[in-house]
Amino acid sequence: MSKKAVILDMDGLLIDSEPYWQEAGIETLSGFGIRLSAEQYHSSTGLRTIEWIDHWFNYFGVDHAHATTAIQNIEEAALQKIKASGLPMPGVEHIINFFLQKDFRIGLASSSPMRLINMVVEKLGIGPYLDNITSAGELPFGKPHPQVFLECAYQLGVKSFHSVCFEDSFNGMIAAKAAKMKCVVVPATDQYNELKWGAADLKLRSLVNFNELLLEGLWK
């Protein structure tokens, strides 16, 4: 039987960090006189900071000479906020133990920079259970491009079509499906009923709800 893998996103899936990324991003953009609506912000979750800034600087006509400083400010502010206040999402222990028992290779693939990933992995205590950690920040392309998931699967030694990805963002879902992976989405509560999740193979309210029957159904 071919080896299988589970690849987990991090922000908003394993740790409740999205509010802190949002705070850091909004605080930084406010310095340029920009105010994002909740809908605008959610449309760009899952992107690397470099693409997030590029997108909104283009949209609002901000001089890109300020981009490097803005990126650094967002990432440093987010790291400090998450380190101080970030809490694990419900079901982290459950999902790790579930796939350990199934003898899946376990990977983490995130748009966050590696230093932030390492901090969160240590904070959650999940490092010993991860067979690979891949940061899109160290690759040419970020989500919704599938490269971060393809690279993680490659490092795990598993074909992408033998992998299941767990995501909470629309851009992450698109990346997972483009990588030919099964995709389970766990959207934020206020986005759960939106039609945009239709491309996912499965939608859950919490990682806690995942079980053996649902796993079997993914490959039927």
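Me: Why is Phe57 called buried?
Reply: In this predicted model, Phe57 has 1% relative accessibility. Buried means under 20%, so Phe57 counts as buried.

Me: And why does Phe32 count as partly exposed?
Reply: Its relative accessibility is 31%. Partly exposed lies between the 20% limit for buried and the 50% limit for exposed, so Phe32 counts as partly exposed.

Me: What makes Phe32 and Phe57 an edge-to-face aromatic pair?
Reply: Two values decide it. The ring centres of Phe32 and Phe57 are 5.2 Å apart, and a pair needs centres within 6.5 Å. The angle between the planes is 70°, and over 60 degrees counts as edge-to-face. The pair links distant parts of the chain. Phe32 sits in the loop between H1 and H2, Phe57 in helix H3, 25 residues apart. The structure holds 11 aromatic pairs.

Me: What makes Phe98, Phe99, Phe104, Phe166 and Phe210 a cluster?
Reply: Ring pairs link these five residues: Phe98, Phe99, Phe104, Phe166 and Phe210.

Me: How do you know that the span of helix H3 agrees with its length?
Reply: H3 covers residues 49-60, which is 12 residues. At 1.5 Å a residue it should span 16 Å. The end C-alpha atoms are 16 Å apart, so the two agree.

Me: Which residues of H3 are buried, and what puts them on the same side?
Reply: The buried ones are Thr49, Trp52, Ile53, Trp56 and Phe57. They cover an arc of only 120° around the axis, which puts them on the same side of H3. These buried residues pack against helix H1 (18-30), helix H2 (38-43) and helix H4 (67-85). After H3 comes Gly61, with a positive phi near 70°.

Me: Why is Ile34 called buried?
Reply: Its relative accessible area is 4%. The limit is 20%, so Ile34 is buried. Ile34 lies in the loop between H1 and H2. Beyond four places in sequence, Ile34 touches Leu29, Phe60 and Val62. Ile34 and Val62 are 28 residues apart in sequence, yet 9.4 Å apart in space, C-alpha to C-alpha.

Me: Arg48 carries a polar side chain atom. Is Arg48 buried or exposed, and how do you know?
Reply: Arg48 has a relative accessible area of 8%. Buried means under 20%, so Arg48 is buried. Its place is in the loop between H2 and H3.

Me: What makes Lys203 and Arg205 charges over the ring of Tyr192?
Reply: The distance limit is 6 Å from the ring centre. Lys203 lies over the face of Tyr192 at 4.2 Å. Arg205 lies over the face of Tyr192 at 3.7 Å.

Me: Which residues of helix H7 are buried, and what covers them?
Reply: In H7 (residues 147-156), Gln147, Val148, Phe149, Cys152, Ala153 and Leu156 are buried. Their cover includes strands S1 (5-8), S2 (105-110), S3 (132-135) and S4 (163-167), and helix H8 (170-178). Gly157 follows H7, with a positive phi near 75°.

Technical notes. Residues numbered from 1 in each chain as written. Predicted model: local features only at pLDDT ≥ 70, side-chain atom pairs only at ≥ 80, totals over all residues. Heavy atoms only, no water. Helix = DSSP H or I, 4+ residues; strand = E, 2+ residues; numbered from the N terminus. Expected span 1.5 Å × (residues − 1). Buried < 20%, exposed > 50% of the residue type's maximum accessible area, 1.4 Å probe, protein only. Arc of directions from axis to C-beta. Contact = heavy atoms within 4.5 Å. Phe/Tyr/Trp six-rings, centres within 6.5 Å; stacked < 30°, edge-to-face > 60°. Lys NZ or Arg CZ within 6 Å of the ring centre and 35° of its normal.
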